[in-house]
Amino acid sequence: MPRPTRSGTYEDPAAALAAAAELLAVLDARGQDEVAPAVSPSQLRALLAVEGAEGVNLRALGELLGSRPSSVTRLCDRLEAMGLLVRSPHPSRRREVEVRLTPRGRALLDERRAVRVRELSAVLARMAPSAVDSLVAGLAAFREAAAGPSPAGSPHAVAPAPTAPGLSSDPARVADGA
């Protein structure tokens, strides 16, 4: 991976984005030990997938996660034992099992988001307002490009990341922690 030049800038925008992604991962991890129960990254991905597709069946959840049915079943076993999700028979298709977040699972995701916003807001508060505006505009353009059709030769398009409930793309609100 290209390293920063002496001026601290990157010659390759993809390298600059990769470095920012690494920093975001570090910031995301800060303070998460305050959130209980602790969940693994794969458990968090599953909770987010269930939140985005409430009432999803196990087969569709496996497709969303890119996991085998047996792995999804074990993952759901652990999350259900933690009280974060519940499986129940589908109301009209009895052979199908649907998965939903429990209030505790929803609260965990809300807490994690609040911690993430707090950490990111602390960094944004140290930036010039014009830099925050530029960052927000750049991120919006990046999301739009990522959601577009795949370039020739690329196997996958990237689905747009949903805006988390209660979060704003307005830089003033983000910097204030709103």
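**Salt bridges, sheet and core of the predicted chain**

A salt bridge joins the side chains of Arg-87 and Glu-80, with an N to O distance of 2.7 Å; the term denotes a side-chain nitrogen of Lys or Arg within 4 Å of a carboxyl oxygen of Asp or Glu. The model is predicted, so that local features need pLDDT of at least 70 and side-chain atom pairs count only at pLDDT 80 or more, while totals for chains, interfaces and linings use all residues. Residues are numbered from 1 along each chain as its sequence is written, and side-chain values use heavy atoms, with hydrogens and water left out.

Nine salt bridges are present in the structure. One of them connects the side chains of Arg-100 and Glu-98 at 3.3 Å, N to O. Here Arg-100 counts as partly exposed because its relative accessibility is 32%, whereas Glu-98 is buried, with a relative accessible area of 9%. A further salt bridge links the side chains of Arg-113 and Asp-110 at 3.9 Å, N to O. Arg-113 and Asp-110 are three residues apart, about one turn of the helix, within α5 (residues 103-125). Arg-113 is buried at a relative accessible area of 9%, and Asp-110 is partly exposed at 41% relative accessibility. Together with Glu-51, these two residues belong to a network of salt bridges. In general, side chains of opposite charge can pair when their charged atoms come close.

The chain contains seven helices and three strands, arranged along the sequence in the pattern α-α-β-α-α-β-β-α-α-α. These elements are DSSP runs numbered from the N terminus, helices being H or I of at least four residues and strands being E of at least two. The three strands form an open antiparallel sheet in the order β1-β3-β2. Its edge strands are β1 (56-57) and β2 (85-89), each of which pairs on one side only. Strands β1 and β3 (residues 97-101) run antiparallel and are joined by two bridges; two strands count as paired if DSSP finds at least two bridges between them. Asn-57 stands opposite Glu-98 in β3, and Glu-98 also takes part in the salt bridge with Arg-100. Helix α2 lies across β1, β2 and β3 and runs at about 100 degrees to β3. For such angles, axes are lines fitted to C-alpha atoms, for helices over the stretch in contact, and values run from 0 to 180 degrees between N-to-C directions.

The largest nonpolar core comprises 22 residues, of which Val-39, Leu-47, Val-50, Leu-61, Leu-79, Leu-84 and Leu-85 touch the most other members. A nonpolar core is a set of buried Ala, Val, Leu, Ile, Met, Phe, Trp, Tyr and Cys residues joined through side-chain atoms within 4.5 Å. At least two residues of this core come from each of α2, α3 (58-65), α4 (69-81), β3 and α5, and α2 gives the most, with five residues. Beyond its neighbours within four places in sequence, Leu-85 is in contact (heavy atoms within 4.5 Å) with residues including Leu-47, Val-50, Leu-79, Glu-80 and Arg-100.

Ala-36 is located in the loop between α1 (13-29) and α2 (41-52), and Pro-37 lies in the loop between α1 and α2. The peptide bond from Ala-36 to Pro-37 is cis, with omega near -5 degrees. Most peptide bonds are trans. Ala-36 is exposed, its relative accessible area being 56%. When residues up to four places away in sequence are not counted, Ala-36 touches Leu-108 and Glu-111. The C-alpha atoms of Ala-36 and Glu-111 are 9.0 Å apart, although the residues are separated by 75 positions along the chain.

Over the whole chain of 178 residues, 26% count as buried. Among contacts with a separation of 6 or more, 52% involve residues 24 or more positions apart. The accessible surface amounts to about 11400 Å², and carbon and sulfur atoms account for 60% of this surface; accessible areas come from the Shrake-Rupley method with a 1.4 Å probe, and for residues only the protein chains shown count as cover.

Technical notes:
Buried means under 20% relative accessible area, exposed over 50%, partly exposed in between (1.4 Å probe, protein chains only).
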